[in-house]
Structures are given as C-alpha cells and as structure tokens.
Amino acid sequence: MVRRGSRVGNRVRVRFGTKAELLAGGAEVRALRYQRASQDKKEQGKSVTDQGKLNVKEINSHGWMDAGSFTDNDRSASRHATKEREKFELLIEAIRAGKGDVLVIWEMSRKERDLAVYVKIRDMCHEVGLFFWLVGGVLFDLRDKNDRMMLGFQAVQAEWMADSIRDNVLRGIVGAAEAGRPHGTVTYGYRRIYHQRTKALERQEPDTEIRTATAADGTLTEYTHAGVVREIFEQVSGGTPLITIEQSLNARGIPSPRGARWLRGIIRKMAMNPAYIGKRVFRGEVVGDGIWPALVDEEVFWASVRLLEDPSRTTTRAGRAVHLLSYIVLCGVCGGPVSSSTVSRHGWTGQVYSCLKKRCAAVKAEVLDEYVQRVVVAWLARPEVFEDLQSGIGDEQVAHARAEAERLRTELEDYKKAAEAGDVKAIDFVRISKGLEAQIAEHEAREAEAGIPPVLRGRIGPEAVSAWAELGDEVGVKREIIRTVAGIKLLPARYKGDRSPFGAHRLDWTWKFGPDSDQDTTAA
Ligand SMILES: [Zn+2]
C-alpha cells in the first residue's frame with residue numbers, strides 16, 4: 001500500500017473543491033476504504049471480502065490511490081467491542097490526520113449502524129475537510145445539503161435494516177436450531193430469554209438471578225437456581241449422600257423446582273439429567289446438542305451418574321451392606337467380572353469374591369476388601385500422584401474453566417459499560433454483577449481443581465487417609481474412587497490348596513492416573 005508523507009496537523013486543506021475535480025483527480029486522490037463484517041453469520045449482505053473487492057473496483061475505476069484499507073472482521077459486536085473498535089479507531093485516526101480525500105464504503109449499514117456514530121463521523125470529516133464519500137458507487141459531497149440529506153436518509157434506513165435483520169436472524173437461529181430447541185417447561189437452573197418485540201425464543205441460559213431463601217429459624221440465604229444445580233452436582237459427584245443434600249437444601253429453606261420441599265428423588269433425577277451438560281433429551285434418550293450452554297462439566301456430570309447408577313446406591317440409605325469390589329475387580333484369567341457370594345466350606349461360612357463365569361479365581365471377601373483399600377489409600381496419599389493429578393490431566397478442563405471465567409468477566413464488563421451509559425438500571429446492575437462475580441469465583445476455583453476427578457477432590461495427597469476413614473460405610477463412593485483410579489485383576493492361587501498369605505502376587509494393577517499410569521505395576 002502506498003502512503004503519502006505525514007500530513008498530521010495539516011488540517012482543512014481542501015485539495016479537491018468539487019465532485020468533478022475529485023473525479024478528475026486520478027492518482028492524486030487518496031481513497032480510504034472501509035469494510036465491515038456482518039454481525040451475525042446469517043445476516044444478509046456482502047462479505048468483507050466482497051465489500052473489499054467492490055471498494056477496490058470503485059477506486060481503480062476512478063484511477064484513485066488506495067490510501068488505506070480498514071476492515072472490521074469481527075462478528076460479534078458486543079462481546080469483542082474493544083477489538084472491533086480498533087480498526088474503526090484507526091480509520092477515524094486516518095481521517096483526522098487528513099490522510100484521505102474520499103471515503104469509500106460499500107453501504108451505509110456496513111460502516112456503522114449507530115445513527116449517532118454516523119453523525120459524529122460526518123461532522124468530523126466535514127471538520128477536517130474530507131468532503132467526499134463514495135457509498136455504493138455514488139459520490140456524495142458533505143457540503144451539499146441534498147447529499148447530506150440523502151446520506152442521512154441512508155443512515156436512518158441502515159438502522160432500520162439492521163433492526164429488521166436482527167429480528168430475521170433471531171427467527172432464523174430459532175428455525176435452524178429447531179432440533180436443539182428447548183421445549184416444554186424450563187429445566188430448573190435455566191431461564192429462557194425471549195426477544196422483546198418478536199417474542200421469539202432468543203436463548204436459554206443459566207438462571208443466575210439472586211434469590212433469597214428463609215430458613216425455619218429465620219436465617220436468610222442468597223442463592224441462584226444455577227448455583228443450586230451446580231451445588232447438587234458437586235456434592236453428588238463427590239459422593240455426598242442424597243439425603244444429606246436434601247436436608248441441607250431444606251434446612252436453608254431453598255424451595256424445590258416445584259416450590260415445595262426437596263426430596264431425594266428430585267435431586268437424583270436432576271443429577272442424572274443430561275440437559276445440564278447441554279444435551280437435549282427426548283423420551284429419556286439423548287438426541288443431540290441443545291442450544292443452551294452446559295451448567296456443569298461433563299466430567300462432574302458423568303461422575304454423578306456413575307455414582308447414582310452404582311448398584312450399591314440403589315438405596316440411598318447409608319450403611320447398607322454392599323460388596324466393595326463386585327464387578328470392579330475382574331478375573332485375571334478370563335477377564336470376566338468378579339462377584340461376591342456366600343460360601344460354606346469345611347465349617348467356614350462367609351463372603352467370597354470369585355470369577356462369576358468360570359470360577360477361575362476366588363478369595364475371601366474381607367481379605368480382598370482390606371488389601372485393596374490399603375493399596376488404594378496408600379496410592380491416593382502419594383505426593384507424586386497428588387502433583388500429577390494437579391498438573392497433568394484435565395488441561396482441557398482447566399482451559400475451559402479459565403475461558404469461562406474470562407467470558408464471564410467480559411460479560412461483566414459489558415454490563416458495567418451498559419450501566420455507565422444508563423442502559424441498565426443501577427439496582428439491576430448490582431444484582432447482575434453480584435451473580436456474575438459469584439460465577440467467576442466459582443470458575444476460578446474450578447481452574448484450580450479441574451485436573452482432579454470430582455470424586456477424588458479433597459481425598460488425595462495429605463487428606464487421603466483421613467478422607468477414606470471418614471467415608472466409613474459409604475461403599476458407593478469408595479467403589480467410585482477405586483473404579484476411577486485403578487483397574488484390578490484377581491489372579492488365581494499358584495496351585496490348588498495354596499495356603500500362602502494373600503498378597504501382591506494375586507493381583508494385577510493398572511493405575512489410571514499418576515506416575516505409574518499406562519504401565520502394569522504389581523502393588524507391593
Ligand atoms: Zn475367570
């Protein structure tokens with residue numbers, strides 16, 4: 001691109017007095033061109049590339065000099081407002097510095113939607129002596145009252161078009177995403193946003209409205225529906241019994257989705273609802289992605305589902321006798337599951353784990369339970385494992401949590417700007433910002449622990465031994481932990497009637513995380 005020497009400060013120097021002079025100016029005329037991308041993918045109109053080509057064609061046909069091209073590629077106007085401003089500001093700078101004799105744009109709506117901005121640029125151009133605009137191949141002189149009226153009319157029309165397009169886009173999005181559209185009653189934790197004019201569904205988003213609950217003793221608690229959902233998933237995935245969650249919610253006076261008291265069944269159903277990871281469910285089957293964002297990490301969701309579907313959890317009553325390792329330990333000979341059964345032999349009666357299909361291997365249940373727990377807890381307590389879980393795996397999750405925190409911070413900034421401009425009432429802003437800040441804090445906390453599977457959080461490293469002891473009869477949680485960290489195979493005794501003590505030679509371990517992962521190690 002060829003540029004003239006700096007002309008900063010050299011203002012109001014009319015180089016071309018009339019349209020005719022400009023059109024006859026040839027290479028002496030410095031043309032600034034501006035292209036702007038659509039705000040939405042579905043928006044009608046020419047692409048940035050097409051606008052650019054058309055503008056270049058106009059400039060070439062008049063033999064003018066291309067004195068600078070300014071392209072706004074950004075698609076989203078509100079979110080990336082700062083980025084979008086950059087090119088626009090550069091254009092303003094170039095105009096102000098007197099670097100152009102004519103401004104070439106393809107259509108009014110492409111330059112700027114805002115009428116006020118149009119007026120501002122027009123006045124600025126007038127002030128610095130950039131009197132000519134070439135819009136869609138038609139030349140306008142800003143000093144000519146008729147031309148000004150025509151441009152003004154185009155700007156008004158552009159705004160009207162932009163508004164209409166926005167409405168059409170909204171309808172289009174809804175139409176195209178028909179399959180992923182939320183339907184029926186709103187899933188607890190979300191709210192639906194409808195377009196003010198068209199009443200069309202715009203989006204379904206996390207319900208972060210701050211509400212106040214009153215406990216029986218009068219204690220007030222602030223909560224959000226989205227927050228309650230996340231709390232439930234966090235607790236379920238961490239192995240908290242449903243009854244504890246139920247009691248905690250009711251104690252705070254937080255109403256259930258139907259406005260009554262929470263029941264375990266409601267919580268269980270919620271903690272298994274794929275809508276919370278952004279999936280659409282039809283007749284109990286996931287049929288695709290919804291158009292709404294996930295409220296919880298997939299990892300947390302699936303950990304919750306696994307825990308709730310575990311046979312030991314078919315009842316939520318704590319302390320029920322279930323078998324710790326059934327179907328978790330596999331037979332080292334045939335690969336089938338190992339299950340527990342009562343055996344009476346030689347005057348001894350008790351529980352035995354044995355290969356379910358072929359009886360390849362067997363061991364007394366209490367011996368295997370005790371041994372496996374000891375090895376797993378020792379593994380969980382290892383500092384290397386703790387470090388490895390904190391850094392290595394889950395990078396994607398960390399990145400996601402970070403990105404989400406970043407997005408929310410941007411949203412908060414947008415609200416701040418809107419509040420400053422008076423577009424959002426102060427009272428609403430306080431409420432909104434409070435909710436967003438809470439969400440940001442939540443994501444930041446998740447950034448820190450994202451690498452650790454939900455069921456292991458607070459149960460590894462220095463906390464491993466005490467956390468395991470605290471689990472007591474929570475067999476379901478212990479099962480989930482064991483299943484999460486290790487693959488265990490039971491090997492047969494070395495020979496029939498082998499009386500040697502049970503030990504490392506009877507098990508084959510595969511660690512799923514940590515320094516020993518991806519290699520078969522025999523636990524000592
Ligand atoms: Zn077997």
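Q: At what angle do the axes of helix H7 and helix H10 cross, and within what distance do they come?
A: This is a predicted model, in which local features need pLDDT of at least 70, side-chain atom pairs count only at pLDDT 80 or more, and totals for chains, interfaces and linings use all residues. Residues are numbered from 1 along each chain as its sequence is written. The axes of H7 (residues 225-237) and H10 (residues 298-309) cross at roughly 55° and come within 8 Å. Axes are lines fitted to C-alpha atoms, for helices over the stretch in contact, with angles from 0 to 180 degrees between N-to-C directions.

Q: Why are H7 and H10 called oblique to each other?
A: Angles under 35 degrees count as roughly parallel, over 145 as roughly antiparallel, 65 to 115 as roughly perpendicular and the rest as oblique. The crossing angle is roughly 55°, so H7 and H10 are oblique.

Q: Which residues make the contact?
A: Phe233, Glu234, Val236 and Ser237 of H7 and Val300, Phe301, Ala303, Ser304, Leu307 and Leu308 of H10 make it (contact: C-beta atoms, placed from the backbone, within 7 Å).

Q: What makes H11 oblique to H15?
A: Helix H11 (residues 365-381) and helix H15 (residues 464-471) pack at about 140°, with axes 8 Å apart. That angle makes H11 oblique to H15.

Q: Which residues of H11 and H15 meet?
A: Val377, Leu380 and Ala381 in H11 meet Ala464, Val465 and Trp468 in H15.

Notes
Helices (H or I, at least four residues) and strands (E, at least two) are DSSP runs, numbered from the N terminus. Two residues are in contact if their C-beta atoms, placed from the backbone, lie within 7 Å.
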